[in-house]
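Hi,

Here is the structure I promised to pass on. Have a look at it first, and then read my notes below.

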Amino acid sequence: MGVQIAPSILSADFARLADEVVAVGNDADWVHVDVMDNHFVPNLTLGRPVVEAIIKNSSLPVDCHLMIEDPDRWAIGYAEAGASSVTFHVEAAHAPVRLARTLRAAGARAGMALKPATAVEPYADLLPELDMLLLMTVEPGFGGQQFLEVVVPKIRRARELVRDGQHRVWVQVDGGVDEDTITQCAEAGADVFVAGSSVYGGDDPAAAVRRLRAAAEQASEHAWWAVSR
Ligand code: DX5
Ligand code: ZN
C-alpha cells in the first residue's frame, strides 16, 4: 500500500458533511475528522455523536484525530463508534501504551500524534504499539495555516525509525499540506497525507485529491526511504 490521501472535513461545509464526504468518496482513501475540545487546543469542533453520523454515512474509512485532553478516557469511544483509526496526542496522554493497546483491542488502528515541537526519538520504543505516527506540520487547532518546514527533518527521522523497526507504521502529516508541500513530505518519508483547505477550499475537491495523490506518488517513487520499502 502506497500513498494514502485523507481529506480533512474541518475545511468542509459543516451543514453538508455527508455530501462533502461523498464528494471525495471515489478518490480519497480515508476521511480525516478533527475532534477539538477547546482545552488541548483553543478551537472547538465536534464530538462522538457527529463522528458516529459520519461513520454511518461514509463509504470511506474514518480517520479520527483527537485534539483533546484526557484521551485515556475519551478515545475509546471513537474506536467503539467504528473509526478505522483513532489518533491521540502524546502530549495529552497519560499512559500512551495502555491507550494504544485499548484502541487496538477495540478494533481501531492506534495513532499517536506529535505537535511540531515534540521530538519523535523518545517514542522509538513505542512504535510496535502503534499503527500510525502523526507528525503535525502546523500547530494543531485550525485549518488553513502555513506549513512548517521545520518539521521536515522530523519526518525523515520518523521514517528512519519506522524503517528500522519490525512493524508497519504509517507516517502521517497534517497541516498546510498542498500540491507543493506534499512533495517535501513524501520525499522525507510520509505516506499518509491529510489535507483540509487544499481539498475543500476549491471548487472541485475530488480533482484536488487526485492532484495531491499524483504529486505524492511522483515524489515518493524514487525517495530514499521507498527503495527498501
Ligand atoms: C489542524 C487539523 C488539520 C486541519 C488541516 O489542527 O488537525 O487536520 O484540518 O487543515 P489544512 O490542510 O488546511 O492545514
Ligand atoms: Zn487533523
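Of the protein's 229 residues, 55% count as buried (under 20% relative accessible area; exposed is over 50% and partly exposed in between, with a 1.4 Å probe and protein chains only). Before you go further: this is a predicted model, where local features need pLDDT of at least 70 and side-chain atom pairs count only at pLDDT 80 or more, while totals for chains, interfaces and linings use all residues. Residues are numbered from 1 along each chain as its sequence is written, chains are lettered from A and ligands numbered from 1 in the order in which they are written, and side-chain values use heavy atoms, leaving out hydrogens and water.

Now the overall build. There are eight helices and eight strands in the protein (DSSP runs numbered from the N terminus: H or I of at least four residues for helices, E of at least two for strands). The radius of gyration is 16 Å, close to the 17 Å that the globule rule gives for 229 residues, so the protein is as compact as a globular protein of that length. That radius is taken over C-alpha atoms, and the rule is 2.2 Å times the number of residues to the power 0.38.

Eight strands form an open sheet in the order 1-8-7-6-5-4-3-2, with parallel pairing (two strands pair if DSSP finds at least two bridges between them). Strand 1 (4–7) and strand 2 (31–36) are at the edges with a single partner strand each, so one side of each has no neighbour in the sheet. Strand 2 pairs with strand 3 over six bridges, and Val 33 has Cys 64 in strand 3 as its bridge partner.

Which residues coordinate the zinc ion (ligand 2)? They are His 32 (NE2), Asp 34 (OD), His 65 (ND1) and Asp 174 (OD), at 2.0 to 2.3 Å. Donors here are N, O and S atoms within 2.8 Å of the metal (3.2 Å for Na, K and Ca), and water is not among the atoms, so sites may look incomplete. In sequence, the donor residues follow the spacing H-x1-D-x30-H-x108-D. His 65 lies in strand 3 (residues 62–67) and Asp 174 in strand 7 (residues 170–174), so this pair ties together parts that are 109 residues apart in sequence. His 65 is buried at 0% relative accessibility, and Asp 174 is buried too, with a relative accessible area of 9%.

Cheers
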